[in-house]
Amino acid sequence: MARKHVLVMLTLLCAGCTAAPPAPPPSSRTPLKPPSLINEVVPPQNVITVVSDVIDARTVELADGSRVRVASLAEPKACWAAASLDFARSTLLARSVRFTGLTPGEITLELEDGTDYAILAVQQGALQPEGVDGGPLINAQSEASAAKRGLWGPPCDGSDTAKPPSPQPPAMPPPAPPATSRETPPATTTARPAAKTCAVVYQVTGQWQGGFQANVTVRNTGTQPTNGWTLRWSFSNGESVRDMWNASPRQSGSTVTAVNADYNPQIPPGGSVQIGYNGNARGPHSAPAAFTFNGAQCSVE
């Protein structure tokens with residue numbers, strides 16, 4: 001009996017020696033990700049920044065110091081490079097803009113009011129599109145070309161170089177006066193000033209501490225309809241435009257530029273358009289003394 005008991009105990013001890021060890025607890029460490037050859041950097045999207053410098057009409061420097069080029073715009077024409085640079089500076093310099101990265105160094109650019117800068121530059125004849133076969137940029141170019149606007153007008157006429165003026169025939173000498181026994185003094189004529197092609201009425205409709213509201217009515221007094229227009233004036237007391245309706249505002253220093261909206265580019269002879277805006281002022285605001293409309297001096301009524 002004692003021997004049988006010993007055999008049972010030995011059997012149990014051997015069974016315990018051959019049992020499998022307990023499984024280790026699961027690891028909490030994250031497995032390493034194998035390296036990838038794919039560039040996972042996503043270009044910036046819909047970013048608001050400020051243009052700190054304008055290099056040329058399609059190349060700008062942003063607030064972080066990076067230089068980028070606006071996509072789908074061709075290099076400025078040599079004949080219109082200075083004018084296109086002036087346009088870009090008055091439109092973008094020290095302005096808040098919104099951009100989206102396409103490739104390194106290339107972006108799309110929108111003004112604060114949502115206007116696409118590339119379309120605006122082509123529409124005003126400052127630049128030509130590049131790398132597109134249709135769409136809004138080609139429509140904008142057709143509009144600028146038909147209106148002879150910017151580089152599509154003289155002296156460039158769409159070329160890289162200014163075209164020389166047409167040769168004029170030599171002036172014929174005046175006929176000799178008939179012989180008379182008594183000399184008659186020549187008749188005198190008074191030259192009349194050229195008629196203005198635009199007239200402006202500027203009305204201050206309200207003023208308050210630090211601000212004011214004004215309406216500007218522009219009448220086409222010429223003989224040709226407009227197909228896109230730009231009205232400019234200058235403030236004399238540090239005023240600035242806060243918001244504007246019926247036109248898109250830009251301001252560089254004291255100079256304000258109001259560009260037609262999409263729905264009112266055409267003004268027939270005798271027709272008019274009215275824009276209004278709210279402004280900031282340090283003191284009483286008075287009407288500007290001079291206005292230009294598509295570069296022509298206007299009469300002020």
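## A quick tour of the pockets, sheets and rings

About 360 Å³ of space lies in the second largest pocket of this protein, and the largest pocket has a volume of about 700 Å³. What you're looking at is a predicted model, where local features need pLDDT of at least 70 and side-chain atom pairs count only at pLDDT 80 or more, while totals for chains, interfaces and linings use all residues. Residues are numbered from 1 along each chain as its sequence is written, and side-chain values use heavy atoms, with hydrogens and water left out.

**The overall picture**

- The protein has four helices and 17 strands; these are DSSP runs numbered from the N terminus, with helices being H or I over at least four residues and strands being E over at least two.
- Of its 301 residues, 34% count as buried (buried is under 20% relative accessible area, exposed is over 50%, and partly exposed is in between, using a 1.4 Å probe and protein chains only).
- Take the contacts (heavy atoms within 4.5 Å) with a separation of 6 or more: 64% of them are between residues 24 or more positions apart.

**The two pockets**

- A word on the term: on a 1 Å grid over the protein atoms alone, a pocket is an open set of points where a 1.4 Å probe fits, with protein on both sides within 12 Å along at least five of seven lines, and lining residues have an atom within 4 Å of a point.
- For volumes, grid points are joined across faces, edges and corners, and the figure is the space filled by probe spheres set on the points.
- The largest pocket has 29 lining residues, and Arg149, Gly228, Thr230, Asn294 and Gly295 lie nearest its centre.
- Helix H2 (81-92), strand S8 (226-227) and strand S9 each supply at least two residues of the largest pocket's lining, with H2 giving the largest share at four residues.
- Sorted by class, that lining has nine nonpolar, 15 polar and five charged residues (Ala, Val, Leu, Ile, Met, Phe, Trp, Tyr, Cys and Pro count as nonpolar, Asp, Glu, Lys and Arg as charged, and the others, Gly among them, as polar).
- The second largest pocket is lined by 16 residues, and Arg95, Glu112, Asp113, Pro249 and Arg250 lie nearest its centre.
- Strands S10 and S11 are the elements giving two or more residues to the second largest pocket's lining, and S11 gives the most, with five.
- By class, the lining of the second largest pocket comes to six nonpolar, four polar and six charged residues.

**How the strands pair**

- Strand S7 (residues 211-220) and strand S14 (residues 272-280) pair antiparallel over nine bridges; two strands pair if DSSP finds at least two bridges between them.
- In that pairing, Gly211 stands opposite Asn280 in S14.
- S14 is also joined to strand S10 (residues 240-245), through five bridges in the antiparallel sense, and the bridge partner of Met244 in S14 is Tyr277.
- Elsewhere, five strands make an open sheet in the order S11-S12-S9-S15-S16, with antiparallel pairing.
- Strands S11 (247-252) and S16 (296-297) stand at the edges with a single partner strand each, so one side of each has no neighbour in the sheet.
- Strand S15 (residues 291-293) is joined to S16 by two antiparallel bridges, and Phe293 stands opposite Ala296 in S16.

**Thr230 up close**

- Thr230 lies in strand S9 (residues 230-234) and is buried, with a relative accessible area of 9%.
- Leaving out residues up to four places away in sequence, Thr230 touches Gln124, Thr257, Ala258, Val259, Thr292, Phe293 and Asn294.

**Aromatic rings**

- A search of the whole structure turns up ten aromatic pairs (rings of Phe, Tyr and Trp, the last by its six-membered ring, pair if their centres lie within 6.5 Å; planes under 30 degrees apart count as stacked, over 60 as edge-to-face and the rest as tilted).
- Tyr202 and Phe291 form a tilted pair, 5.9 Å centre to centre with 35 degrees between the planes.
- That pair links distant parts of the chain, with Tyr202 in strand S6 (residues 198-208) and Phe291 in strand S15, 89 residues apart.
- Both Tyr202 and Phe291 are buried.
- Trp233 and Tyr277 form a tilted pair as well, at 5.8 Å centre to centre and 35 degrees between the planes.
- Trp233 lies in S9 and Tyr277 in S14, so this pair ties together parts 44 residues apart in sequence.
- Trp233 counts as buried at 2% relative accessibility, and Tyr277 counts as buried at 0%.
- Tyr202, Phe212, Trp233, Phe235, Tyr277 and Phe291 form one aromatic cluster.
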